[in-house]
Amino acid sequence: MKNKNQIWYIGYIISLLLVLIILFTNFSKMVDMGLAVLLSMVFSVSHVQILHNKMMKNDTDYKINVMDERNIMIKEKAGNITNMVNTALLGIATVIFICLDYVIPAIVTGVIIAIQPIILITISNMLEKKCRNEIY
């Protein structure tokens, strides 16, 4: 369990490397902006996960709230509804891209829509196996 939580510290190292790349390379402004967005995403996810793991370990009230079955069901339903809305918005964006004759963005959003059910099935199977192993 300890090693599983320490992997998030790699995000800090990657963030530092991205800062160095932005500062010491001569990429265009658009590439630097993309790297800055990637930097903020990697740092944010890593930092939040590290804080979450520390709070789960040290704060019993936080752990009880996170592990509460009611809260888990609410998060699952919210995630499912968000996924449906996101898929609909991607579909609308794909149609708009096709109407505007933007072929590459239409292909990218269409592929994302096509991959989502595969990801859902894969993750569901993985979670089902994990739950089955925890029960037996």
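## Helices α2 and α3

Helix α2 passes helix α3 in a left-handed crossing, a term used where the near helix is turned anticlockwise from the far one by less than a right angle, clockwise being right-handed. Helices in this report are DSSP runs of H or I of at least four residues, numbered from the N terminus. The structure is a predicted model, in which local features need pLDDT of at least 70 and side-chain atom pairs count only at pLDDT 80 or more, while totals for chains, interfaces and linings use all residues. Residues are numbered from 1 along each chain as its sequence is written, and side-chain values use heavy atoms, with hydrogens and water left out.

Helix α2 covers residues 10-24 and helix α3 residues 29-58; the two pack at an angle of about 160 degrees, with their axes 8 Å apart. Axes are lines fitted to C-alpha atoms, for helices over the stretch in contact, and the angles run from 0 to 180 degrees between N-to-C directions. The pair α2 and α3 is therefore roughly antiparallel; angles under 35 degrees count as roughly parallel, over 145 as roughly antiparallel, 65 to 115 as roughly perpendicular and the rest as oblique. On the α2 side the contact (heavy atoms within 4.5 Å) is made by Gly-11, Tyr-12, Ile-14, Ser-15, Leu-18, Val-19, Ile-21 and Ile-22. On the α3 side the contributors are Asp-32, Leu-35, Ala-36, Leu-38, Leu-39, Val-42, Phe-43, Ser-46, His-47 and Ile-50.

The 30 residues of α3 should span 44 Å at 1.5 Å a residue, and the end C-alpha atoms are 43 Å apart, which agrees. The expected span is 1.5 Å times one less than the number of residues in the helix.

The buried residues of α3 are Asp-32, Leu-35, Leu-39, Val-42, Ser-46, Ile-50, Asn-53 and Met-56. Buried means under 20% relative accessible area, exposed over 50% and partly exposed in between, with a 1.4 Å probe and protein chains only. An α-helix has 3.6 residues a turn, so residues three or four places apart point the same way.

## Packing around α4

Helices α3 and α4 pack at an angle of about 110 degrees, with axes 6 Å apart. That makes α3 roughly perpendicular to α4. His-52, Met-55, Met-56 and Asn-58 of α3 meet Thr-60, Tyr-62, Lys-63, Val-66 and Met-67 of α4.

Helix α4, residues 60-67, also packs with α5, at an angle of about 55 degrees and with axes 5 Å apart. The helices α4 and α5 are therefore oblique to each other. Here Asn-65, Val-66 and Met-67 in α4 meet Glu-69, Asn-71, Ile-72 and Lys-75 in α5.

Helix α5 comprises residues 69-99, 31 residues in total, and reaches 45 Å from its first C-alpha to its last, close to the 45 Å expected at 1.5 Å a residue.

Asp-101 is placed in the loop between α5 and α6. This residue has a positive phi of about 65 degrees although it is not a glycine. Asp-101 is exposed, with a relative accessible area of 61%.

## Residues of helix α6

Thr-109 lies in helix α6, which covers residues 103-135, and is buried at a relative accessible area of 9%. Its side chain is joined to that of Thr-94 by a polar contact of 2.6 Å. Such a contact is a pair of N or O atoms within 3.5 Å; within protein, one must be able to donate a hydrogen and the other to accept it, and residues adjacent in sequence count only if both atoms are side-chain atoms. Leaving aside residues up to four places away in sequence, Thr-109 touches Leu-90, Thr-94 and Phe-97.

Gln-116, also found in α6, is buried with a relative accessible area of 18%. With the exclusion of residues up to four places away in sequence, Gln-116 touches Asn-83, Asn-86, Thr-87 and Leu-90. Ile-112 of α6 is partly exposed, with a relative accessible area of 38%. Glu-128 of α6 counts as partly exposed at 44% relative accessibility.
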